[in-house]
Amino acid sequence: MQRLGEKYQSVEAFGWAARDSSGHLSPFVFSRRETGEEEVRVKVLYCGVCHSDLHCLKNEWHSSIYPLVPGHEIVGEVTEIGRKVSKFSIGDKIGVGCIVDSCRACESCREDQENYCTKSVATYNGVHYDGTVNYGGYSDHIVVDERYAVKIPHTLPLASAAPLLCAGISMYSPMKYFGLAGPGKHIGIVGLGGLGHIGVRFAKAFGSKVTVVSSTAGKSKDALEIFGADGFLVSTDEDQMQAAMGTMDGIIDTVSASHPILPLIGLLKPSGKLVLLGATEKPFDLHAFSLILGRKSIAGSAIGGIKETQEMINFAAEHGIKAEIETISMEYVNTAMDRLAKGDVRYRFVIDIANTLTVTRS
């Protein structure tokens with residue numbers, strides 16, 4: 001049965017896709033739609049590898065649509081614009097993050113928080129309003145409405161900017177929203193991975209004091225010497241944790257694996273906030289008194305709206321904030337996924353799409 005918009009899917013595209021929950025990626029030829037009046041066509045230059053890509057490839061969230069082309073940390077160059085486009089010109093370097101459309105009419109959309117629109121359209125593994133399945137940035141080009149793309153300042157290295165479109169905004173937004181950004185604030189960041197290391201850099205640029213909390217001491221040197229954290233706590237060391245009780249204004253927890261949060265709540269000052277970014281599979285063990293006795297709160301946060309994403313990118317350019325990356329070829333992507341599953345990356349994989357994708361087409 002033909003979907004509503006399939007007749008407009010006439011521009012050939014090439015990328016790498018998984019065909020089933022094995023998650024194995026291989027070359028894939030498909031079609032994208034013609035460039036609409038308010039849309040831009042983007043040649044993908046770089047695409048970051050997010051842990052969400054791995055979850056979706058293996059259908060761990062039970063929502064995957066195959067064939068699946070991942071990638072929502074996209075940096076590229078505008079190659080074609082619709083006749084009503086005013087935000088971008090051909091040749092501009094732009095970024096495309098986790099969403100490519102929304103209803104544009106709900107309260108969230110009106111408040112520039114399209115990320116919380118219940119009808120937002122994911123960059124990949126989602127269905128566009130024309131009825132076609134969206135494919136992501138592990139591909140040679142993508143088409144997007146200009147409203148859902150951001151300008152990349154020329155001072156930002158393009159490869160290192162790619163992870164900011166998901167990992168970066170995921171850390172920036174809760175720091176701002178929950179009042180944790182600025183001098184006099186002490187932020188704990190749980191997990192020094194793809195999100196956490198960028199979070200440390202944002203926190204320091206805001207002037208906040210930042211302490212990394214990790215289950216092992218293996219990344220303490222990186223946290224303190226490379227990323228500039230003020231402190232490092234090993235969460236399994238009871239003496240260290242006890243000494244830090246009641247010292248933090250807020251904690252941003254980036255860990256997606258199951259882990260105890262009661263010790264983290266204990267680190268908060270009265271009225272402190274624990275903000276969850278990681279989507280753990282199992283429910284947390286939570287005691288009400290751990291919140292009641294200090295008027296503490298637990299919240300969640302997910303990326304940010306397009307306006308805030310542009311604000312974040314501009315702030316990163318102004319303060320020289322970038323992701324610590326390992327640039328890889330398209331052919332290496334399955335090995336990279338295996339390494340990502342084991343936590344063997346410091347700190348974000350970025351695929352050099354422009355220079356390595358075409359040679360994989362046979």
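Author: Gladly! A residue is called buried under 20% relative accessible area, exposed over 50% and partly exposed in between (1.4 Å probe, protein chains only). The model is predicted, so local features need pLDDT of at least 70 and side-chain atom pairs pLDDT 80 or more, while totals for chains, interfaces and linings use all residues. Numbering runs from 1 along each chain as its sequence is written, and side-chain values use heavy atoms, without hydrogens or water.

Side chains of opposite charge can pair when their charged atoms come close. With a salt bridge taken as a Lys or Arg side-chain nitrogen within 4 Å of an Asp or Glu carboxyl oxygen, the count comes to 19.

Let's start with R147 and D145, whose side chains meet at 2.9 Å, N to O. R147 is partly exposed because its relative accessible area is 36%, whereas D145, at 7%, is buried. Both belong to a salt-bridge network that also links E38, D101 and R104.

E37 is in the loop between strand 2 and strand 3 (39-48); strands (E, at least two residues) and helices (H or I, at least four) are DSSP runs numbered from the N terminus. With a relative accessible area of 37%, E37 is partly exposed. Leaving out residues up to four places away in sequence, E37 touches G82, R83, K84 and V85, where contact means heavy atoms within 4.5 Å. E37 and V143 are 106 residues apart in sequence, and their C-alpha atoms are 11 Å apart.

Next comes R201 with E324, a salt bridge at 3.0 Å, N to O. R201 sits in helix 5 (residues 196-206) and E324 in the loop between helix 10 (306-319) and strand 16, so this pair ties together parts 123 residues apart in sequence. R201 is buried at 16% relative accessible area, while E324, at 28%, is partly exposed.

E326 lies in strand 16 and R339 in helix 11, so parts 13 residues apart in sequence are tied together. E326 is partly exposed at 26%, and R339 counts as buried at 17%.

In helix 11 (residues 333-341), R339 is buried along with V333, N334, A336, M337 and L340. An α-helix has 3.6 residues a turn, so residues three or four places apart point the same way. The buried residues of helix 11 pack against strand 1 (11-18), strand 2 (25-32), helix 1 (51-57), strand 16 (325-328) and strand 17 (348-352). After helix 11 comes G343, with a positive phi near 75 degrees.

Two of those packing partners, strand 1 and strand 2, pair in the antiparallel sense over 8 bridges; strands pair if DSSP finds at least two bridges between them. V11 stands opposite R32 in strand 2. The two strands form a hairpin with 6 residues between them, and G23 in the turn has a positive phi of about 80 degrees. Strand 1 is mostly covered, with 7 of its 8 residues buried.

Finally, strand 10 (residues 186-190) has 5 of its 5 residues buried, so it is largely enclosed by the rest of the structure. H186, G188 and V190 point one way from strand 10, and I187 and I189 the other way. Strand 10 pairs with strand 11 (residues 209-214) in the parallel sense over 5 bridges, with I189 opposite V212.
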